[in-house]
Amino acid sequence: MTEASTSPATISERLDRLRFGRGHARVLAGSGIGWALDAMDVGLISFVLAVLAQQWALQPGETAWIASAGFAGMAVGASLGGLLADRFGRRQVFALTLLVYGVATGASALAGGLAVLIVLRFLVGLGLGAELPVASTYVSEFAPARIRGRLIVILEAFWAVGWTAAAIIGYFVVPASADGWRWAFALGAVPAVYALVVRWGLPESPRWLARRGRHAEAERIVAELEGSIRVPAARDGRVPALPATPDVHASPVPAVAAPRAGERVRALWSPEFRVRTLSLWVVWFCVNFSYYGAFIWIPTILVDAGYDLVRSFGFTLIITLAQLPGYAVSAWLIEVWGRRITLAAFLAGSAVAAILFGTATSEAMVIATGMALSFFNLGAWGALYAVSPETYPTSLRATGSGWAAAVGRIASIIAPLAVPPLLAAGGAPVLFVVFAAFFAVAVLATWGLADRRGRALDDR
């Protein structure tokens, strides 16, 4: 085996020329299941809050602190998770995050008071916040360049699967008994078990291994991935070699961009990356503020509007189902229009839908505009997760994605706390106009992002 065959550049070229095969499907499904479990936990809290507000006679500010504690943990987890993943590997940190938030969610089922639940939700957030940017980085480093954006949007579509599962649990389990919310949290402990599957069932990123000098391991994983691609035999019975893809632009790998943790954080604001970093952080902040401000509170807002608990949860379930077609359209457009235009279009649609939802007065309008908000907002999330890991080179990819997510989590801490005073000041119309304004700012910020549609990842 020659050095050329195991160099990062050759590993990158071989990964980018592959067709989608069983190995890719295993990585995508394995990461997607973790992503769905993540979404299930985040979604469950919106239903649990509506119940606990009644059972524990909580004030709006107290329920907001439960939500914000989880997001505070996510902010810390996202920043640390990216640094750890660039240092110790994508798969290792991915499995650890699943274990942390699975155990903490299961323990939440035993919480006997507000203070304990707030502490546990912070611990849940540590795992959740680290998992998402690490998983998107992990999948992006396996994906061929010509379909990389599409695969990341499909990965993000698992969020809709998990949120739908949360809505089903919220509709059937949470209101079923006084301890329904405890059973919901108990179901959220599944990720602790699934962490074992990730640790021993999924391969490490070969790009990361090659960047760390572990060429033999990277070579073995890429060879297995190539072996999982079924190439149809020609008429003479011979199996042709895999064709190279002409739209992938590979180049020799220069020196590592940032070898140490402190350098990786500083590199995000170097002249080469500062505009991208600023734009990415603004988009993450605005999208998190509007998404979590709206979707964590929708069941409670509907209850306050006069709908009973079961009907409110039913509306939320229907609204949630619109997430899947949003992801599907985003997955198609992201390789047709590119990252920036797709992201901007879905953010603009989210802004319009937010205004319409805030002013809806009939059941039909609540459902229709809520589904539109769900469609556009989750399509935007898919595009955002696609563009984030592409923004930076391999040596600081997880760090860059993680810190962008961490900035976004700051907004998700603020948003639940901001909802009660905004509702008191002007009700749902004012609240959702504010969300629309944040979406509009995010639209403007997208134009500073890099668009690497069809191009190889930067393997520095």
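Me: Does Leu317 count as buried or exposed?

Reply: This is a predicted model, and in it Leu317 counts as buried, at 16% relative accessibility. The cut-off for buried is under 20%.

Me: Where is Leu317 found?

Reply: Leu317 is in helix α14, which covers residues 309-321.

Me: And what does Leu317 touch, leaving out residues up to four places away in sequence?

Reply: With those left out, Leu317 touches Thr164, Ala167 and Ile168. Ala167 is 150 residues from Leu317 along the chain, yet their C-alpha atoms are separated by 5.1 Å.

Me: OK, switching to aromatics. How many aromatic pairs turn up in the whole structure?

Reply: A search of the whole structure gives 24 aromatic pairs. Take Phe289 and Phe435 as one of them: the ring centres are 6.0 Å apart and the planes sit at 65 degrees, so this pair is edge-to-face.

Me: Why does 65 degrees make Phe289 and Phe435 edge-to-face?

Reply: Because planes over 60 degrees apart count as edge-to-face, and the Phe289 and Phe435 planes are at 65 degrees.

Me: Which helices do Phe289 and Phe435 sit in?

Reply: Phe289 is in α12 (residues 274-295) and Phe435 is in α18 (residues 397-445).

Me: Is Phe435 buried or exposed?

Reply: Phe435 counts as buried, at 1% relative accessibility. Phe289 is buried as well.

Me: What's the geometry between Phe432 and Phe435?

Reply: Phe432 and Phe435 form an edge-to-face pair, with 5.2 Å from centre to centre and 90 degrees between the planes. Both lie in α18, three residues apart, which is about one turn of the helix. Phe432 is buried, with a relative accessible area of 0%.

Me: Which residues form the aromatic cluster?

Reply: One cluster is made up of Trp35, Phe71, Trp159, Trp163, Trp284, Tyr291, Tyr292, Trp381 and Tyr385. Trp284, Tyr291 and Tyr292 also turn up among the α12 residues that meet α17, and Trp381 and Tyr385 are among the α17 residues there.

Me: Nice, so how do α12 and α17 cross?

Reply: Their axes come within 11 Å and cross at roughly 150 degrees. Over 145 degrees counts as roughly antiparallel, so α12 and α17 are roughly antiparallel to each other. α12 passes α17 in a left-handed crossing.

Me: What about α4 and α8, how do their axes cross?

Reply: The axes of α4 (residues 90-108) and α8 (residues 190-201) come within 7 Å and cross at roughly 165 degrees. These two are therefore roughly antiparallel, and α4 passes α8 in a left-handed crossing.

Me: Which residues meet between α4 and α8?

Reply: On the α4 side they include Phe94, Leu98 and Tyr101, and on the α8 side they include Pro191, Tyr194 and Val198.

Me: What lies over the face of Phe88?

Reply: Arg87 does, at 4.9 Å from the ring centre of Phe88.

Me: Last one: what's phi at Ala57?

Reply: Phi of Ala57 is near 50 degrees, a positive value in a residue other than glycine. Ala57 lies in the loop between α2 (22-55) and α3 (60-88). With a relative accessible area of 57%, Ala57 is exposed.

Terms used:
Residues are numbered from 1 along each chain as its sequence is written. This is a predicted model: local features need pLDDT of at least 70, side-chain atom pairs count only at pLDDT 80 or more; totals for chains, interfaces and linings use all residues. Side-chain values use heavy atoms; hydrogens and water are left out. Rings of Phe, Tyr and Trp (its six-membered ring) pair if their centres lie within 6.5 Å; planes under 30 degrees apart count as stacked, over 60 as edge-to-face and the rest as tilted. Helices (H or I, at least four residues) and strands (E, at least two) are DSSP runs, numbered from the N terminus. Buried means under 20% relative accessible area, exposed over 50%, partly exposed in between (1.4 Å probe, protein chains only). A charge sits over a ring if NZ of Lys or CZ of Arg is within 6 Å of the ring centre and within 35 degrees of the ring normal. Axes are lines fitted to C-alpha atoms, for helices over the stretch in contact, and angles run from 0 to 180 degrees between N-to-C directions. Angles under 35 degrees count as roughly parallel, over 145 as roughly antiparallel, 65 to 115 as roughly perpendicular and the rest as oblique. A crossing is left-handed if the near helix is turned anticlockwise from the far one by less than a right angle, and right-handed if clockwise. Contact means heavy atoms within 4.5 Å.
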